Amino acid sequence: MAYNDRLAILRGMKAAERLHRDLGSRKAMDRSVRVDVFSAIARAGAILMFKSLDPLLGAFMREGDLMGVMLTVRRPIGQQRFTGAHELGHLIMGHEPHADDEGILRRAPMEGSYAQVPEQEREADAFASNFLLPKFLLAKLHDQQSWDRRNYENPHTLYQASLRFGASYRATIQAYERDGFLSSRQRRTLVGVMPRDLKAELVDGHDVGDWRDRDVWRLTERDEGSVIEANRKDLFVLKLKEHGGSGYLWTYEELERAGFLVLKDEAEAMYPERIGGPRRRYILGEASALENGSYTLRERRPWRADDGVNQVTVHFRHALGRENGQYAPQLDRLAAN
Ligand SMILES: [Zn+2]
């Protein structure tokens with residue numbers, strides 16, 4: 001990699017680290033691994049707008065003291081958030097006003113052709129990667145999920161990580177390569193896998209119809225305390241270890257009452273040769289009508305309301321940012337002034 005490439009990448013990385021420090025992200029994010037990029041844009045002093053742009057993905061504008069970031073609504077949330085982080089990079093680093101297309105998602109800093117990319121673009125790319133997927137969040141998720149090195153060779157790990165970070169599958173893989181979790185050979189293999197095939201595998205033959213704007217979250221005991229920020233049409237696969245032989249079952253009444261729709265509920269023995277051994281419970285559901293809130297699943301004996309061996313609490317909310325118009329929290333603030 002040429003010296004100039006390295007400097008641009010370093011400047012973008014430093015700017016992202018500085019902004020996380022100013023925002024107090026490490027502390028403020030608590031157990032979440034999802035950077036609030038839209039509120040960071042608003043806090044940086046730019047008006048944030050969502051519009052039906054095509055083929056443009058986003059733009060950064062400046063006129064005198066006035067700054068604005070515009071993002072398309074015609075892309076999945078992960079790509080939209082990455083574009084937002086890229087435009088925020090232009091803003092933070094004092095770049096020229098500029099519009100971005102598909103190119104920002106396709107190019108890879110590790111490839112030779114990257115040297116042709118203009119310098120300010122390389123800086124904004126590095127900023128976006130290090131702001132949305134900073135090293136400290138990669139490490140945090142690694143610990144939360146108790147992953148080991150081998151897990152990163154599995155495309156399912158990268159896909160599930162991308163949902164939790166709120167980044168695209170591809171940007172997530174690049175960040176793991178950037179921080180040495182993956183080799184460039186592994187990266188090339190992984191980007192060749194289609195997220196759509198991973199989703200189909202997760203729903204295990206369930207007829208989904210249209211996959212557009214629809215992700216599949218695999219939740220396990222390791223997601224205890226995590227923040228789930230989902231698209232309206234996303235599906236959820238709960239895979240939980242269950243001690244059915246001793247009468248303990250995972251229950252989800254609280255979720256169902258709040259609007260979670262169960263599409264499939266099965267259990268299979270983890271060790272078929274062992275009678276009364278633990279089972280793997282598989283629950284498939286959708287959350288389009290689920291209210292934002294914190295929900296707890298409990299493994300307990302159905303006839304006893306008070307006991308429980310295990311429980312998982314997740315903090316659920318629907319993702320913002322897919323509607324035309326100004327970023328809603330910013331509008332609310334303007335109206336209140
Ligand atoms: Zn750009």
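A close look at one helix

Reply: The domain assignment of the chain, which comes from an automatic or database assignment, gives domain 1 (3–137) and domain 2 (211–318). Residues are numbered from 1 along each chain as its sequence is written. The model is predicted: local features need pLDDT of at least 70 and side-chain atom pairs count only at pLDDT 80 or more, while totals for chains, interfaces and linings use all residues.

The C-alpha centres of domain 1 and domain 2 lie 35 Å apart. Five residues of domain 1 and six residues of domain 2 form the contact, where two residues are in contact if their C-beta atoms, placed from the backbone, lie within 7 Å. On the side of domain 1 that touches domain 2, two residues are nonpolar, one is polar and two are charged. In this grouping, Ala, Val, Leu, Ile, Met, Phe, Trp, Tyr, Cys and Pro count as nonpolar, Asp, Glu, Lys and Arg as charged, and the others, Gly among them, as polar.

The chain as a whole has 13 helices and 13 strands; these are DSSP runs, of at least four residues for helices (H or I) and at least two for strands (E), numbered from the N terminus. Along the principal axes, its C-alpha atoms fill a box of roughly 70 × 50 × 40 Å. Of its 337 residues, 35% count as buried. A residue is buried if 20 or more other C-beta atoms lie within 10 Å of its own, exposed if 12 or fewer, and partly exposed in between, with C-beta atoms placed from the backbone.

Just after α9, G180 takes a positive phi of about 80°.

Two neighbouring helices can be described in turn. The axes of helix α8 (residues 155–165) and α9 come within 9 Å and cross at roughly 105°, which makes α8 roughly perpendicular to α9. Axes are lines fitted to C-alpha atoms, for helices over the stretch in contact, and angles run from 0 to 180 degrees between N-to-C directions. Angles under 35 degrees count as roughly parallel, over 145 as roughly antiparallel, 65 to 115 as roughly perpendicular and the rest as oblique. From α8, the contact takes L158, Y159, A161, S162 and F165, and from α9 it takes Y169, T172, I173 and Y176. By class, the contact of α8 with α9 has seven nonpolar residues, two polar and no charged.

With helix α10 (residues 184–191), the axis of α9 comes within 10 Å and crosses at roughly 170°. That makes α9 roughly antiparallel to α10. Here α9 contributes R170, I173, Q174 and E177, and α10 contributes S184, R187, L190 and V191. The contact of α9 with α10 divides into three nonpolar, two polar and three charged residues.

V314 lies in strand β12 (residues 310–318) and is buried, with 20 other C-beta atoms within 10 Å. V314 and S226 are 88 residues apart in sequence, yet 5.3 Å apart in space, C-alpha to C-alpha. Leaving aside residues up to four places away in sequence, V314 touches L219, D223, S226, I228 and Y295.
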